[in-house]
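Please read them alongside the sequence and the coordinates.

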2 protein chains.
Amino acid sequence: MFQDTQDNGTASVKSTEQAIMDAAEEVFLEKGYNLATTTLIAKKAGVTHAMLHYYFRTKEHIFMKVLEKILRELMQSFRPVMSKGEPFWETLEKGISTHFDFFAGHPRFATFLYDTIMHNPELVVRLKENIFPVLQKIYDFHIGMIREEMDSGRINEVDPMQLIADIVTLNLSTYLLLPVAGRMFQNAGNPAPVPDETTLKGILENRKAEIIALIRHRLYGKIQ
Amino acid sequence: MFQDTQDNGTASVKSTEQAIMDAAEEVFLEKGYNLATTTLIAKKAGVTHAMLHYYFRTKEHIFMKVLEKILRELMQSFRPVMSKGEPFWETLEKGISTHFDFFAGHPRFATFLYDTIMHNPELVVRLKENIFPVLQKIYDFHIGMIREEMDSGRINEVDPMQLIADIVTLNLSTYLLLPVAGRMFQNAGNPAPVPDETTLKGILENRKAEIIALIRHRLYGKIQ
DNA sequence: GAATTATTTAACAATATTGTTAATGACTTT
DNA sequence: AAAGTCATTAACAATATTGTTAAATAATTC
């Protein structure tokens with residue numbers, strides 16, 4: 001490629017390196033670590049695969065760079081969830097909604113993460129160090145909030161851990177199973193009938209509303 | 001191996017072929033199609049990998065045999081679900097429970113199926129022909145049942161498709177996320193802390209109870 | 001513009017994987 | 001036990017994949 005000198009006079013950005021990163025993110029998210037070959041990434045970036053080894057030493061190094069990038073975005077997304085002050089249900093609903101929406105903004109992240117943990121757990125060890133403190137904080141915040149509300153008798157008896165599992169499971173599997181469903185229902189030779197933007201938005205809105213309704217009935221529904 | 005002649009005098013069973021099938025099922029379920037190498041299967045079966053090609057022509061042929069075997073078991077498991085005569089909630093609860101329990105009896109099936117559909121959708125085309133009529137029948141049965149009950153006003157307003165999605169999602173992801181959680185929470189060098197039989201049984205019983213409680217509150221819970 | 005440095009390429013190496021084949025050994029039938 | 005069939009092995013072939021390297025090209029610095 002070429003030296004992509006910027007207007008501001010500071011150090012220039014190598015657009016080959018950026019092209020590789022972009023291609024790598026795309027391919028890793030789509031295929032998972034094992035099926036994402038360096039040759040395919042190079043092809044998508046429009047360079048020879050030797051370039052990947054020139055800029056990043058190994059396939060694993062590129063992967064880690066990509067992972068770190070996505071994780072930064074993940075943490076960014078979750079920050080506003082923890083702002084306090086609102087009543088219990090509003091806060092919880094906001095939490096569910098934010099969690100749901102994060103995956104809408106990163107539709108391949110659920111499958112990618114799942115695939116990596118399943119097939120390359122060794123790559124997740126470093127990931128854990130980044131992600132665990134954040135997860136722990138969010139988790140503790142919600143568990144405490146639910147327990148407090150339950151003790152006051154304003155919501156039904158429920159194991160807070162199970163409720164969190166319900167929410168995470170329902171939100172995650174929406175995006176975990178969406179591409180699976182897409183592939184499952186396509187016909188033999190035909191390409192997957194990817195729903196258009198508007199349709200997909202509608203599907204996701206309905207799904208989110210149903211998940212919130214489920215949790216609301218679980219917490220507030222009285223059975224005669 | 002050896003010719004494993006049986007007592008009943010009929011044609012003998014080749015135990016090499018059976019060993020390969022058993023090993024293949026184990027390895028495919030654990031690793032998925034792409035990461036399950038013929039060499040590894042052969043090693044686990046205690047034979048050279050040329051044997052796989054002798055008994056089954058290709059890797060894909062073995063895979064199909066394994067898939068067919070599991071699918072037969074799947075259909076078997078779902079048969080009793082459809083027996084009618086009981087009241088609505090008892091039938092639905094039995095359906096949820098059966099669905100949940102199938103994955104308990106085939107704990108790797110969810111991840112395996114997911115992996116196959118994600119990374120080898122072409123292998124699922126044949127699968128679809130076997131599995132779809134069965135799924136369709138179960139699906140129609142439950143949709144009809146829910147719609148009827150809702151029209152009579154005995155349960156809350158709900159989109160029957162969303163309710164089915166809730167149940168499938170909650171049941172499936174219990175087993176989809178269980179091995180992921182296992183790997184997620186293990187420490188760097190240590191092996192995964194697989195919970196012992198009794199503990200696992202307790203976890204699963206609690207989870208099933210919570211899922212049933214969720215659906216019950218969704219259908220019967222009244223919000224003032 | 002000469003020297004130096006950075007980028008890119010093509011060819012090679014090493015390994016893994018699926019599949020084939022020719023030779024060998026074992027078992028069955030008559 | 002001779003002939004034929006079945007089971008097994010070891011070696012080979014073909015391809016794919018990750019990674020290296022020496023040489024060529026482009027950019028930068030002095």
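1. Leaving aside its neighbours within four places in sequence, which residues is Thr116(B) in contact with? With those neighbours set aside, Thr116(B) touches Phe63(B), Pro121(B), Leu123(B) and Val124(B), where contact means heavy atoms within 4.5 Å. Thr116(B) lies in helix H6 of chain B, and it counts as buried because its relative accessibility is 1% (buried is under 20% relative accessible area, with a 1.4 Å probe and protein chains only).

2. This is a predicted model, in which local features need pLDDT of at least 70 and side-chain atom pairs count only at pLDDT 80 or more, while totals for chains, interfaces and linings use all residues. Residues are numbered from 1 along each chain as its sequence is written, chains are lettered from A, and side-chain values use heavy atoms, without hydrogens and water.

3. Helix H6 (residues 109-119) of chain A packs on helix H6 (residues 109-119) of chain B at about 120°, with the axes 12 Å apart. The contact is made by Thr111(A), Tyr114(A), Asp115(A), Met118(A) and His119(A) on one side and by Thr111(B), Tyr114(B), Asp115(B), Met118(B) and His119(B) on the other.

Key
Axes fitted to C-alpha atoms, helices over the stretch in contact; angles between N-to-C directions. Helix = DSSP H or I, 4+ residues; strand = E, 2+ residues; numbered from the N terminus. Buried < 20%, exposed > 50% of the residue type's maximum accessible area, 1.4 Å probe, protein only.
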